[in-house]
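Colleague: Could you walk me through this model? I would like to begin with the ligand and then turn to some individual residues.

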Amino acid sequence: RVKALPKGFVWGGATAAYQVEGATTVDGKGKTMWDDYLKAQGRFSPDPASDFYHKYPEDIGLAKKYGLNAIRVSIAWTRIFPKGYGEPNQAGVAYYHKLFKTAIDAGVTPYVSLHHFDEPKTLFDDGDWLNRKNIDYFVDYAKFCFTEFPEVKNWFTINELISLATGQYIVGNFPPNHHFDVTSSIQAQHNELLAHARVVNLYKSMHLDGRIGLIHVLNPVYPITDTPENKHAAALYDAFLNRFLLDGTFLGEYTPETMSLINEILDANDAHLDIEDGDMAILKKASTQNDYFGMNYYQSQFIQAYDGPSGNHFNGTGKKGSSSFSFHGVGQIVPNPDVPTTDWDWNIYPEGLYDLLKRMKREYPNCKTIYITENGMGYKDEFDGTDKVIDDSPRIDFVDQHVAAVLKARDEGVDVQGYFIWSLQDQFSWANGYNKRYGLFYVDFKTQKRYIKKSAEWYKELADTMK
Ligand code: BGP
């Protein structure tokens with residue numbers, strides 16, 4: 001059990017605009033790639049989500065009351081530029097000024113991402129990150145935000161480049177739902193890295209009073225048993241999920257070892273990657289300029305060698321044991337009988353978080369300060385309709401074990417300065433809807449009332465250890 005937090009630790013809760021705000025059609029907001037897609041799919045609506053667009057003062061009040069000193073939010077690009085570019089929408093700008101002020105006044109420091117999966121629909125239709133014009137528009141949008149919101153001192157460019165690239169083009173649970181389109185997926189990774197790097201280089205050239213970085217979700221990949229074949233499968237999948245992006249971010253180059261693994265995957269899938277002249281110089285320049293790194297961690301993967309066709313089933317309903325994933329030229333994901341899982345088949349493996357933190361220090365010296373910007377447990381919280389504190393003990397166990405892993409790595413010299421639970425309040429999950437809850441605070445989505453979970457009380461007790 002974690003007994004105390006280090007003095008000055010950032011102890012936060014995370015949100016993302018599209019997952020909490022609701023209000024997707026008000027005050028001039030433009031559509032994202034999700035609006036029409038979710039409507040056509042007919043499973044769940046992004047409205048009202050947690051109605052954070054109107055309820056942010058209450059949620060920030062709860063954060064403060066329960067000892068949180070930071071909140072992760074994202075700006076919805078389409079509130080500022082409804083089409084992704086053009087004239088700024090003043091109502092959207094005003095909303096974020098109010099949100100940031102409310103947080104800052106409460107002593108809950110905002111950490112702000114510019115892009116959290118909510119690509120403007122117009123740009124999505126035009127090729128999204130596969131169209132390099134998207135990068136230019138993103139840089140323009142970032143520049144506008146840096147100038148407009150000087151009250152923000154902690155920026156992140158893009159959230160989870162890999163989740164976007166694999167959700168869209170490998171797993172097929174994000175629009176446009178491609179399956180194993182390896183070319184698009186690797187190209188999107190590279191182009192998003194370029195976008196990040198250009199924005200970091202821009203930010204640094206503006207000499208602003210603040211910090212900037214990006215957020216990667218890292219998924220350590222372990223061979224299910226230590227055969228040479230399984231170890232190679234793990235190395236391949238690790239290159240695809242983690243190493244390519246970490247190299248691009250913190251080395252400013254894809255090392256020959258990384259590229260040999262990536263090329264093996266590309267060859268097996270008749271795929272290719274285009275790197276244009278000048279791209280690598282942009283990555284190189286940014287690689288030493290990140291002020292910090294936001295690391296998200298949920299789970300580790302166990303893999304075995306496999307030479308069949310690609311195929312997958314995504315568990316988006318919480319029916320335990322329903323997920324499968326085999327990647328031609330890479331390997332097959334398998335359960336590890338020694339590792340417990342959530343109802344969505346996510347492995348509960350805090351050791352993975354410890355291993356990652358140690359690896360970052362060992363392999364990526366340009367990565368200095370780390371914040372855990374997301375970690376948490378999807379759980380079907382039970383609400384009895386009363387004000388009784390909701391018992392989510394499994395979530396407390398999960399978070400406790402993961403925070404312990406973070407503090408252990410910190411004691412051993414890894415510079416981790418904070419932890420944001422995913423999530424602050426219950427919210428809308430992209431491919432799972434509303435029954436996969438993560439919050440410290442329960443949201444009754446019908447009434448939009450907030451209820452306290454046991455994990456919130458636990459979070460507060462730990463916050464008090466810093467006083
Ligand atoms: C991360 C995202 C979040 C969030 C979280 C939980 O990938 O940054 O936006 O949704 O994972 O994932 P899920 O909602 O799929 O359970």
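Modeller: The answers below take the ligand first, then the backbone, then a few separate residues.

Modeller: This is a predicted model, in which local features need pLDDT of at least 70 and side-chain atom pairs count only at pLDDT 80 or more, while totals for chains, interfaces and linings use all residues. Residues are numbered from 1 along each chain as its sequence is written, and side-chain values use heavy atoms, with hydrogens and water left out.

Colleague: How many residues surround the ligand, and which are the closest?

Modeller: The ligand is surrounded by 14 residues, and the closest are Gln19, Glu160, Ser429, Lys436 and Tyr438. A residue is near a molecule if one of its heavy atoms lies within 4 Å of it.

Colleague: What classes of residue make up that shell?

Modeller: The shell around the ligand has 6 nonpolar, 5 polar and 3 charged residues. Here Ala, Val, Leu, Ile, Met, Phe, Trp, Tyr, Cys and Pro count as nonpolar, Asp, Glu, Lys and Arg as charged, and the others, Gly among them, as polar.

Colleague: Which distances separate the side chains of Gln19, Ser429 and Lys436 from the ligand?

Modeller: For Gln19, a polar side-chain atom lies 2.6 Å from an oxygen atom of the ligand. In Ser429, an N or O atom of the side chain is 2.5 Å from an oxygen atom of the ligand. For Lys436, the corresponding separation between a side-chain N or O atom and a ligand oxygen atom is 2.7 Å. Each is a polar contact, which is a pair of N or O atoms within 3.5 Å; within protein, one must be able to donate a hydrogen and the other to accept it, and residues adjacent in sequence count only if both atoms are side-chain atoms.

Colleague: How much of the ligand does the protein bury?

Modeller: Taken alone, the ligand exposes 370 Å², and the protein buries 91% of that. Accessible areas come from the Shrake-Rupley method with a 1.4 Å probe; for residues, only the protein chains shown count as cover.

Colleague: Where does the ligand sit?

Modeller: It sits in the largest pocket. On a 1 Å grid over the protein atoms alone, a pocket is an open set of points where a 1.4 Å probe fits, with protein on both sides within 12 Å along at least five of seven lines. A molecule sits in a pocket if more than half of its atoms lie within 2 Å of its grid points.

Colleague: Let us turn to the backbone. Where are there cis peptide bonds?

Modeller: Pro48 is in the loop between helix 2 (35–41) and helix 3 (52–65). Another runs from Trp422 to Ser423, with omega near 10°, and Ser423 is in the loop between strand 13 (416–421) and strand 14 (441–444). Helices (H or I, at least four residues) and strands (E, at least two) are DSSP runs, numbered from the N terminus.

Colleague: Which residues have a positive phi although they are not glycine?

Modeller: Asp27 has a positive phi of about 50°, and Asn177 has one of about 60°. Asp27 is in the loop between helix 1 (17–20) and helix 2, whereas Asn177 lies in the loop between helix 8 (161–169) and helix 9 (182–205).

Colleague: Now for Thr447. What does its side chain reach?

Modeller: The side chain of Thr447 reaches the backbone nitrogen of Lys449 at 3.1 Å. Thr447 is in the loop between strand 14 and strand 15 (449–452). Its C-alpha atom is separated by 10.0 Å from that of Ser50, 397 residues apart along the chain.

Colleague: And Val93, is that buried or exposed?

Modeller: Val93 counts as buried because its relative accessible area is 2%. Val93 lies in helix 5 (residues 90–105). Val93 and Ile80 are 13 residues apart in sequence and 5.9 Å apart in space, C-alpha to C-alpha.

Notes:
1 Å grid on protein atoms, 1.4 Å probe; cavity = no way out; pocket = protein on both sides within 12 Å on 5 of 7 lines; lining within 4 Å. Buried < 20%, exposed > 50% of the residue type's maximum accessible area, 1.4 Å probe, protein only.
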